[in-house]
Amino acid sequence: MVSPTLTAVQRLCRRPLCEIRRAQAVCIPAIHLHVTAATMQASQEDFEKAQEKLKLLKNDPGNETKLKLYALFKQATEGPCNSPKPSMLDFVKKAKWDAWNSLGDLSQDNARQKYTELVSSLISAESADQKKDDSPDEGRHDGYETILVTTKNNITKIMFNRPDKKNAINRKMYGEIMKALEEAGKDDSTIAVITGNGDYYSSGNDLNNFASALAGEAEKMAKDGAILLKDFVDHFIDFPKPLIAVVNGPAVGISVTLLGLCDVVYASDSATFHTPFSQLGQSAEGCSSYTFPKIMGLAKASEILLFNKKLTAAEACAKGLVTEVFPQRTFQKEVWKRLEAYASLPKNSLAVTKQLMRSMEKEKLHAVNSKECEVLQGRWLSEECVNAVVSFFSQRSKL
Ligand code: COA
């Protein structure tokens with residue numbers, strides 16, 4: 001049951017700024033000036049300019065400020081409140097009357113001055129906010145080289161930032177993504193987003209990570225690699241808030257398999273999804289050996305994980321790996337508009353539901369991750385894998 005008082009206050013709160021401006025225009029169509037002193041004329045001029053400036057304000061300054069503006073305007077132009085007190089039940093008129101009446105016998109000059117100052121403070125605050133929004137560095141986190149991390153509008157964005165290498169994930173980047181996820185899990189943001197800079201989302205594991213194996217330290221590379229990968233995937237399994245992938249272009253390898261651990265996946269229609277594990281003599285990771293069959297059924301998952309079938313964005317969406325596909329032309333605009341709306345939802349409510357859904361599977365996912373990394377460690381030492389990596393780099397050197 002909603003109390004009548006609450007409803008009326010809510011009505012007042014919903015009154016837009018333009019209504020206050022209209023009220024001003026209707027209430028005081030002509031301002032009678034009987035001032036001759038230069039200072040007073042300047043003050044009147046400022047007052048008129050302030051009324052014009054108020055029209056430029058983009059954001060609603062809130063109910064309390066609107067009432068203050070209304071009261072000062074009435075006081076400045078009509079003097080102290082002399083209209084009869086409205087009925088208690090006419091909540092809106094009563095609130096406006098109270099605001100005006102509360103100014104007592106404040107002089108019209110002072111009211112003009114205060115009105116002018118209030119408008120100017122609102123304009124300055126708004127332009128300071130605007131400047132902040134326009135700044136590309138706003139909310140940028142320091143200390144990252146391979147990724148760009150920003151927090152803005154309740155969203156922490158983790159952007160792969162090696163566009164000249166198609167955002168291939170090297171060892172440093174694995175470490176930085178883990179650090180960014182740890183920070184994002186604890187910061188004030190409501191959701192976290194993973195995306196890529198440039199035309200690719202990510203070309204997956206940087207094949208240079210195998211360089212030490214080729215240089216004769218294969219056992220160590222495989223062991224360290226398996227530990228790193230397990231830790232990396234664990235960060236996705238344990239991430240406590242909604243994690244959204246914004247797939248801006250083609251995705252390869254681990255950048256595809258991890259999508260099964262994200263909560264929502266938005267893709268541009270320029271994105272493709274490719275896991276060429278067998279082509280590289282490797283095996284499935286990122287818990288995809290469990291999540292993919294679960295998401296799309298064993299028969300569909302097998303074509304992708306065993307036989308390297310590359311999916312278009314539309315196919316990935318039809319199989320349930322992608323939530324929704326957007327045209328490349330409007331992708332960023334549409335997705336970020338939607339994410340900003342989602343990020344204004346109650347943060348804790350989102351987090352607990354995400355955790356509830358994940359808790360049913362967490363143990364299983366950690367077990368799958370361990371097993372996949374163990375198998376991969378062996379694969380990385382296999383002749384099949386070594387030959388595939390050598391072949392990738394020898395082809396490049398011929399280009
Ligand atoms: N590891 C290491 N380097 C990579 C890479 C990767 N996964 N993906 C791209 N690069 C590098 C390329 O070597 C190239 O570097 P260079 O400019 O120093 O020569 C640069 O990124 C641009 O890539 P290029 O191959 O020229 O672009 P492309 O558009 O012709 O092809 C790919 C893009 C992603 C299809 C191709 O680079 C590729 O197949 N990469 C390997 C993907 C892969 O197998 N990932 C592992 C999955 S398990």
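User: What classes of residue make up the lining of the largest cavity?
Analyst: Ten nonpolar, one polar and no charged residues. Nonpolar here is Ala, Val, Leu, Ile, Met, Phe, Trp, Tyr, Cys and Pro; charged is Asp, Glu, Lys and Arg; the others, Gly among them, are polar. Bear in mind that this is a predicted model, where local features need pLDDT of at least 70 and side-chain atom pairs count only at pLDDT 80 or more, while totals for chains, interfaces and linings use all residues. Residues are numbered from 1 along each chain as its sequence is written, and side-chain values use heavy atoms, with hydrogens and water left out.

User: OK, which residues line the largest cavity?
Analyst: F160, I169, I177, I194, Y201, F232, F236, S255, L258, L259 and C262. The volume of this cavity is about 60 Å³, and the count of cavities of 30 Å³ or more comes to one.

User: And what counts as a cavity or a pocket?
Analyst: On a 1 Å grid over the protein atoms alone, a cavity is a set of points where a 1.4 Å probe fits but cannot get out, whereas a pocket is an open set with protein on both sides within 12 Å along at least five of seven lines. Lining residues have an atom within 4 Å of a point. Points are joined across faces, edges and corners, and a volume is the space filled by probe spheres set on them.

User: Pockets next. How much space lies in the largest pocket?
Analyst: About 890 Å³. Its lining has 37 residues, with S203, N205, L207, L280 and F392 nearest the centre.

User: Which elements give two or more residues to that lining?
Analyst: α7 (171–186), α8 (211–238), α15 (362–380) and α16 (383–398). The most comes from α16, with six residues. Those labels are DSSP runs numbered from the N terminus: helices are H or I with at least four residues, strands are E with at least two. By class, the lining of the largest pocket has 18 nonpolar, twelve polar and seven charged residues.

User: What about the second largest pocket, how much space lies in it?
Analyst: About 590 Å³. It is lined by 26 residues, and C262, D263, V264, M357 and R358 lie nearest its centre. C262 also lines the largest cavity. In the second largest pocket, α14 gives the most to the lining, with five residues, and the classes split into 16 nonpolar, five polar and five charged.

User: Switching to the sheet: in what order do the six strands run?
Analyst: β1-β2-β3-β4-β6-β9, in an open sheet with mixed pairing. The edges are β1 (147–152) and β9 (324–326), each pairing on one side only. Two strands pair if DSSP finds at least two bridges between them. β1 and β2 (155–160) are antiparallel over six bridges.

User: Which helix lies across β6?
Analyst: α13 (331–342), at about 160° to β6; α13 also lies across β2, β3, β4 and β9.

User: At what angle do α10 and α15 pack?
Analyst: About 125°, with their axes 9 Å apart. Axes are lines fitted to C-alpha atoms, for helices over the stretch in contact, and angles run from 0 to 180 degrees between N-to-C directions. So α10 is oblique to α15: under 35 degrees is roughly parallel, over 145 roughly antiparallel, 65 to 115 roughly perpendicular, and the rest oblique.

User: Which residues make the contact?
Analyst: S288, S289, Y290 and T291 of α10 meet K364, L365, V368 and E372 of α15, where contact means heavy atoms within 4.5 Å.
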